Amino acid sequence: MNKYVCVHGHFYQPPRENPWLEAIEPQDSAAPYHDWNVRISAECYEPNTASRILDDEDWIVSITNNYSRISFNFGPTLLSWMEQKKPSVYRAILSADRESRGRFGGHGSALAQAYNHVILPLASDADKRLQVLWGLRDFEHRFGRKPEGMWLPETAVNLATLEALAAQDIRFTILAPSQAARIRPMGAAAWTDVSDARIDPSRAYVQRLPSGKSIALFFYDGVLSRGVAFEGLLHRGEVFAARLASAVPDDRPRLSHIATDGESYGHHHAHGDMALAYALHAIESREMAEIINYGAFLERFPPDHEVEISENTAWSCAHGIERWRSDCGCHTGGPGGWNQSWRDPLRAALDKLREHAVAVWDREASEHLREPSEALDHYIDVILDRSRRGDFIAAHVSRENPVRALKLLEMRRQLQLMYTSCGWFFSDLAGIETVQILQYAGRAVQLAEDLSPNATIEDDFLDALEKARSNRADAGSGRDIYEKSVKPSKVTWEMLGAHYAISSVFEGYKETTRLYCYDIEREQFETFETGERKLVVGCARLTSTITGASEQLSFAVLHEGNHEITAEVRRGRHRFGELRKAFLENGTLDRHFGDTTFGLSSLFGDEQRRIVDVLTRSALKDAETSHRSLFEHHQKTMRFLAELGVPSPKALSVAAEVVLNGNLHRALVHEPIDADTVNGLLKNAITEGVPLDEASLAYAARESLDAKAERFFESPEKLDALEELRRSVTVMLSLPFEVDLWKVQNLYFRFLSERTEGSSAFQESFRTLGEQLRIRNPRP
């Protein structure tokens with residue numbers, strides 16, 4: 001067979017963490033999910049670990065990990081988040097690479113990526129090298145092997161970038177067809193012009209480099225890739241398979257390959273993962289072509305043509321790499337008439353900040369680090385695992401107090417993050433992506449000024465940033481955006497202390513605890529109560545897990561009930577004697593707090609919402625009790641009105657909605673589930689015209705069902721547990737809204753190949769469950 005097919009997915013999200021907390025705060029634009037990483041993981045990254053292949057009747061015949069059969073790369077910062085927040089997805093991705101090595105002759109399908117998606121041709125030589133090196137180290141740490149290939153952010157390339165890859169023994173990278181300038185057969189003298197995307201993408205090429213090194217290049221099929229990304233090719237897996245397999249003739253070994261954002265397979269295009277799974281299955285099972293990855297193809301069919309790239313080009317800009325430094329006309333989103341003239345002054349301001357910060361590094365680093373450049377190279381080991389900080393300090397730090405050295409290294413990390421490409425990609429300076437890189441700049445500023453207290457780094461940065469103007473009149477200049485959106489995000493010791501102090505009123509913290517990226521050791525904690533009022537007085541030491549910086553903080557918190565909370569925080573140890581005395585004598589603290597106080601609004605996003613939920617829970621319970629009384633007293637009247645076709649008064653309809661949805665929620669999560677109760681409540685809702693809170697009910701039902709499935713499949717031999725699971729699925733399928741059966745189907749399908757024979761009753765119940773889940777059982 002001379003036809004080979006390879007699908008590459010570039011899976012990436014920009015780093016979104018608050019740089020002072022090392023955590024992503026709630027992003028309401030991603031609702032109902034916590035943030036965009038969680039949402040896109042649910043829509044794309046997770047489904048691709050267990051994608052369904054359906055038959056003609058839409059029954060599941062197979063569930064497959066797509067990553068094991070394609071070529072892929074994940075951004076290192078995305079994998080870092082996933083390791084903590086979505087560990088099962090993370091493990092499935094690593095497992096897929098191991099599986100692909102067995103499938104493709106020892107060649108893993110995972111590629112590395114430059115660390116945080118910086119446009120490498122625009123980076124300094126030092127940053128270019130560091131981005132590649134940190135990307136490699138991250139890959140080796142996670143996948144347990146050296147990468148053969150590396151994905152370039154936005155495929156942005158020039159010869160210096162390829163030299164950086166070749167210097168680290170990267171064998172190949174992938175580019176767009178428009179990035180090739182000319183080619184020639186090996187040993188030939190004459191070149192053929194292939195500009196304007198005229199290169200034959202079906203073979204590998206070699207680029208000779210000025211250093212004498214070389215690197216293999218693959219140029220993906222641009223027409224097919226556009227079809228996937230923008231033209232609906234994922235609407236039908238059958239069509240997708242045919243297009244992939246027919247893209248090249250079979251006169252010689254040829255590669256039909258595409259490259260798109262991996263998010264095409266589920267996030268940009270719903271169920272795109274299933275189209276991908278079906279296409280790969282069809283190509284393989286029907287022998288339309290051989291599925292392969294780049295490393296395997298390169299080993300079997302080494303390049304027989306040379307290529308020269310078009311310098312300073314990228315796959316997402318028709319003007320080279322201008323999208324990340326000028327108003328070239330390329331943008332995503334925003335109304336007509338907007339411009340991107342802010343891009344140039346934004347980059348100039350960041351370049352100026354980098355210049356000042358690197359000057360601080362050059363002046364300070366040699367005093368605190370034995371070999372500064374070597375320490376910077378190896379700092380990625382600490383970023384990957386903060387528990388390695390002690391070993392790193394022993395190996396690289398030359399002073400007894402390592403805090404200053406770690407601040408220098410962390411400043412360099414923030415300088416990398418502030419150049420993340422997404423800051424320039426979209427339509428306006430005030431967009432969330434640009435604000436995010438300004439936050440990284442703000443953290444770099446703070447660290448640089450800590451290390452150089454007399455410098456005017458922030459002032460100089462803001463003077464330069466003021467030249468960048470938003471298209472939105474209310475947003476103003478870059479300086480205005482920084483003042484409104486970055487400075488309020490900065491975290492001080494007092495803010496951290498206030499967060500800990502206020503949340504401790506509601507949270508039973510242990511003597512030592514972790515709060516975001518800070519370890520907290522409680523030294524004193526006392527509570528005084530008079531009636532509904534509570535006074536908490538304490539002292540704790542907070543230590544940054546990033547830099548090792550530490551501060552002792554004392555606090556006093558007065559909770560007067562509900563949301564009325566006032567806190568004061570002071571550095572050092574204080575007993576708040578006047579506050580104690582006033583509270584114990586009068587039960588109040590008027591005029592005894594200092595000038596700077598904190599309240600619920602001072603809490604960081606997640607904890608603020610959690611405490612608000614705690615505070616409103618009792619109010620909601622009281623409200624439901626009142627509604628229940630009203631509903632039960634007037635239920636017959638409401639039914640009579642419904643029979644007449646007369647709408648119930650608003651007060652009664654609201655009461656019915658609250659009560660029936662609450663009852664149905666409890667019935668769906670009750671164990672064992674009672675189908676008659678659920679059906680009766682649904683009938684009441686229909687009879688009385690009560691709207692269901694479908695999203696909330698579906699979520700609760702899914703969580704309960706998933707928990708039952710996990711318990712059963714952990715020890716799948718109890719018939720009663722199987723029957724309860726089957727009854728629950730029956731109820732879920734009868735609901736007037738869809739309940740996601742994804743996890744239950746995964747567990748069932750995995751067990752199909754592992755199960756041992758049980759009693760006939762067990763086997764019949766298990767078979768029935770499979771039919772409910774619409775899974776073809778290969779066993780009779």
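Which residue lies over the face of Trp 424, and at what distance from the ring centre? Arg 347 does, at 4.2 Å from the ring centre. A charge counts as sitting over a ring if NZ of Lys or CZ of Arg is within 6 Å of the ring centre and within 35 degrees of the ring normal. The charged end of Arg 522 likewise sits over the ring of Phe 525, 4.9 Å from its centre.

The model is predicted: local features need pLDDT of at least 70 and side-chain atom pairs count only at pLDDT 80 or more, while totals for chains, interfaces and linings use all residues. Residues are numbered from 1 along each chain as its sequence is written, and side-chain values use heavy atoms, with hydrogens and water left out.

**Aromatic pairs**

Rings of Phe, Tyr and Trp (its six-membered ring) pair if their centres lie within 6.5 Å; planes under 30 degrees apart are stacked, over 60 edge-to-face, and the rest tilted. The count by this rule is 33 aromatic pairs. Two of the pairs are listed here.

| Pair | Centre to centre | Angle between planes | Class |
|---|---|---|---|
| Tyr 45 and Phe 74 | 5.6 Å | 65° | edge-to-face |
| Tyr 500 and Phe 555 | 5.9 Å | 80° | edge-to-face |

Helices (H or I, at least four residues) and strands (E, at least two) are DSSP runs, numbered from the N terminus. Tyr 45 belongs to helix 1 (residues 36-45) and Phe 74 to strand 4 (residues 71-74), 29 residues apart. Tyr 500 lies in helix 18 (residues 493-504) and Phe 555 in strand 18 (residues 550-559), so this pair ties together parts that are 55 residues apart in sequence.

Buried means under 20% relative accessible area, exposed over 50%, and partly exposed in between (1.4 Å probe, protein chains only). Tyr 45 and Phe 74 are both buried. Tyr 500 is buried at a relative accessible area of 1%, and Phe 555 is buried at 3%.

One aromatic cluster is formed by Tyr 4, Phe 172, Phe 218, Tyr 294, Phe 297 and Phe 301.

Two strands pair if DSSP finds at least two bridges between them.

Strand 17 (residues 533-544) is joined to strand 18 by ten bridges, and Arg 541 has Gln 552 in strand 18 as its bridge partner.

Strand 2 (residues 51-54) and strand 3 (residues 60-64) run antiparallel and are joined by four bridges. Ile 53 stands opposite Ser 62 in strand 3. The hairpin has five residues between these strands, and Asp 58 takes a positive phi near 65° there.

Asn 746, in helix 25 (residues 742-752), is buried at a relative accessible area of 9%. Contact means heavy atoms within 4.5 Å; not counting residues up to four places away in sequence, Asn 746 touches Ala 50, Arg 52 and Ile 63.
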